[in-house]
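Take a look at the model below. We will walk through it one region at a time.

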Amino acid sequence: MVAAKLEIHQFPCLKDNYGVLIRDPSTGIVAAIDAPTAEEVAAAAADKGWRITHILTTHRHGDHTDGNLALKASTACTIIGPRGEADQVPGIDKAVGEGDTFTLGSLEVRVLETPGHTRGHITYWIPAAEVAFAGDTLFALGCGRVFEGTAEQMWRSLEKLAKLPPQTTVYCGHEYTLSNGRFALTIEPENEALQARVREIEAQRARNEPTVPTRIDVELATNPFLRPHSAAIRKRLGLENAPDWQVFGEVRERKNKS
Ligand SMILES: [Zn+2]
């Protein structure tokens, strides 16, 4: 599957972040998806015997960019990041936005603007490898907090991700899945796929295993933030006739308070 075209190495860092390194085996190009800390990203690359050539920044937050400058100094890598907040991405060489494509080794990377968590947040999608790197926009069974946008804007961003091919693997910035799952069960307790998934996640976390990456089809079936069309959710929230973004917004509000 994915590994045939792109090698991917995910590793935990900081408290609950994930760092990801991707390598195009045909050219040896290696990109770090975000750089929470230079030390941890460099150590992960050394573990694999990989040489970092690029950093792909999803958004400006420090737990995604604090490693940029030191990694650039030690590897002379090229830093690509979001045009909408380029002035806040340390060391950025190339700013990209909606609809842009660029090549990474032999692979085409497509850029989706997914604002809401931050005003410039972007997602990197590599169609040939059926993988997307969604930063803090979409989480397994959750989504990022809406710090800099509106609920409607965040919903439009999530909608874009929901429309990716269903078999797309999605990497996200944090391991929040267990608390997301427990919250999700308060929103759609009758969802049997969700019930089964939360049981699986509890077992994975008890073994200290990551629950990320996830897949678009799995999220569509179980993530309440992608399910504002669900009649059960609408009924529970008393929003039978509201637009999808409003249902999403109410779910987000409840999560903020949970
Ligand atoms: Zn963030």
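Start with glutamate 190. Leaving out residues up to four places away in sequence, glutamate 190 touches Gln195, Ala232 and Arg236. Contact here means heavy atoms within 4.5 Å. This is a predicted model, in which local features need pLDDT of at least 70, side-chain atom pairs count only at pLDDT 80 or more, and totals for chains, interfaces and linings use all residues. Residues are numbered from 1 along each chain as its sequence is written, and side-chain values use heavy atoms, with hydrogens and water left out.

Where does glutamate 190 sit? Its place is the loop between helix 6 (177-187) and helix 7 (192-206). Helices (H or I, at least four residues) and strands (E, at least two) are DSSP runs, numbered from the N terminus. Now compare sequence with space. Glutamate 190 and alanine 232 are 42 residues apart in sequence, and their C-alpha atoms are 7.9 Å apart in space. The side chains of glutamate 190 and arginine 236 are joined by a polar contact of 2.9 Å. A polar contact is a pair of N or O atoms within 3.5 Å; within protein, one must be able to donate a hydrogen and the other to accept it, and residues adjacent in sequence count only if both atoms are side-chain atoms. Glutamate 190 counts as partly exposed because its relative accessibility is 40%. The cut-offs are these: buried means under 20% relative accessible area, exposed means over 50%, and partly exposed lies in between (1.4 Å probe, protein chains only).

Next, the metal. Which residues hold the protein donors of the zinc ion? They are His59 (NE2), His61 (ND1), His117 (NE2) and Asp136 (OD), at 2.2 to 2.3 Å from the ion. Donors are N, O and S atoms within 2.8 Å of the metal (3.2 Å for Na, K and Ca); water is not among the atoms, so sites may look incomplete. The angles among the four donor atoms run from 88 to 173°, and the site is irregular. Four donors count as tetrahedral if all angles lie between 85 and 135 degrees; four count as square planar and six as octahedral if opposite donors are over 155 degrees apart and all others between 65 and 115; anything else is irregular. Along the sequence, the donor residues follow the spacing H-x1-H-x55-H-x18-D. Histidine 61 and aspartate 136 link distant parts of the chain, 75 residues apart. Histidine 61 is in the loop between strand 4 (54-56) and helix 3 (62-65), while aspartate 136 is in the loop between strand 10 (131-133) and strand 11 (138-139). Histidine 61 is buried, at 17% relative accessible area. Aspartate 136 is also buried, at 3%.

Stay here for histidine 121. This residue lies in the loop between strand 8 (107-113) and strand 9. Histidine 121 counts as buried because its relative accessible area is 0%. Its side chain makes a polar contact with the side chain of histidine 59 (3.4 Å). Another polar contact, of 3.1 Å, runs from the side chain of histidine 121 to that of threonine 137. Beyond four places in sequence, the contacts of histidine 121 include Glu85, Gly135 and Asp136.

Move on to the strands. Strand 1 (residues 7-13) and strand 2 (residues 17-24) run antiparallel, joined by seven bridges. Two strands pair if DSSP finds at least two bridges between them. The two form a hairpin with three residues between them, and leucine 14 in the turn has a positive phi of about 50°. Cysteine 13 has asparagine 17 in strand 2 as its bridge partner.

Strand 7 and strand 8 pair in the antiparallel sense over four bridges. Threonine 123 is in strand 9 (residues 122-126). Threonine 123 is buried, at 0% relative accessibility. A polar contact of 3.1 Å joins its side chain to that of threonine 114.
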